[in-house]
Amino acid sequence: MTISTHVLDAQRGRPATGLAVRLERADGTLVSNGETGPDGRITGWDATEVGVYRLVFDTGAVAPFFPEVVLTFHVADPAEHYHVPLLLSPFAYSTYRGS
């Protein structure tokens, strides 16, 4: 299974570039890390086990009120791709399961 994310800066109306993101298992074990590219995306992270994962976004440069955003989600089917976007603004954020 693969996991990807996409971060959009809602205040500026464009992708959030250069944002550090970690993919961890529920117990905090690091699976992978990286930075969002020019399109605000990180793609192709491999998750080898079914279970609970979390994406930890270092959002302080874009939204100082939220220095870190943690999105926890369950990976149930190893045959699927999991896309977990983050829409970020200075005082709010939202997410959903993307495609």
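Visitor: What order do the 4 strands of the open sheet come in?
Guide: The order is β4-β3-β6-β7, with antiparallel pairing. Strands here are DSSP runs of E, at least two residues long, numbered from the N terminus, and two of them pair if DSSP finds at least two bridges between them. This is a predicted model, where local features need pLDDT of at least 70, side-chain atom pairs count only at pLDDT 80 or more, and totals for chains, interfaces and linings use all residues. Residues are numbered from 1 along each chain as its sequence is written, and side-chain values use heavy atoms, with hydrogens and water left out.

Visitor: Which are the edge strands?
Guide: β4 (30-35) and β7 (68-75), each pairing on one side only. From one strand to the next the twist averages 15°, taking axes as lines fitted to C-alpha atoms and angles from 0 to 180 degrees between N-to-C directions.

Visitor: How many bridges join β6 to β7?
Guide: There are 8, with β6 covering residues 51-58 and the two strands antiparallel. D58, for one, has E68 in β7 as its bridge partner.

Visitor: And how many bridges between β3 and β6?
Guide: That antiparallel pair has 5 bridges, β3 being residues 20-25. V21 is partnered with F57 in β6.

Visitor: Switching to the core: which residues have the most contacts inside the largest nonpolar one?
Guide: I3, L55, F57 and F73, in a core of 24 residues. Such a core is a set of buried Ala, Val, Leu, Ile, Met, Phe, Trp, Tyr and Cys residues joined through side-chain atoms within 4.5 Å; buried means under 20% relative accessible area with a 1.4 Å probe, protein chains only.

Visitor: Which strand gives the most to this core?
Guide: β7, with 4 residues. Strands β1 (2-9), β3, β5 (41-46), β6, β7 and β9 (86-89) each supply at least two.

Visitor: What does I3 touch, neighbours within four places in sequence aside?
Guide: Its contacts (heavy atoms within 4.5 Å) include L23, W45, Y53, F73 and V75.

Visitor: Now H83: buried or exposed?
Guide: H83 counts as buried because its relative accessibility is 8%. H83 is found in strand β8 (residues 81-83).

Visitor: Which side chain does H83's side chain make a polar contact with?
Guide: That of S4, at 2.6 Å. A polar contact is a pair of N or O atoms within 3.5 Å; within protein, one must be able to donate a hydrogen and the other to accept it, and residues adjacent in sequence count only if both atoms are side-chain atoms.

Terms used:
Buried means under 20% relative accessible area, exposed over 50%, partly exposed in between (1.4 Å probe, protein chains only).
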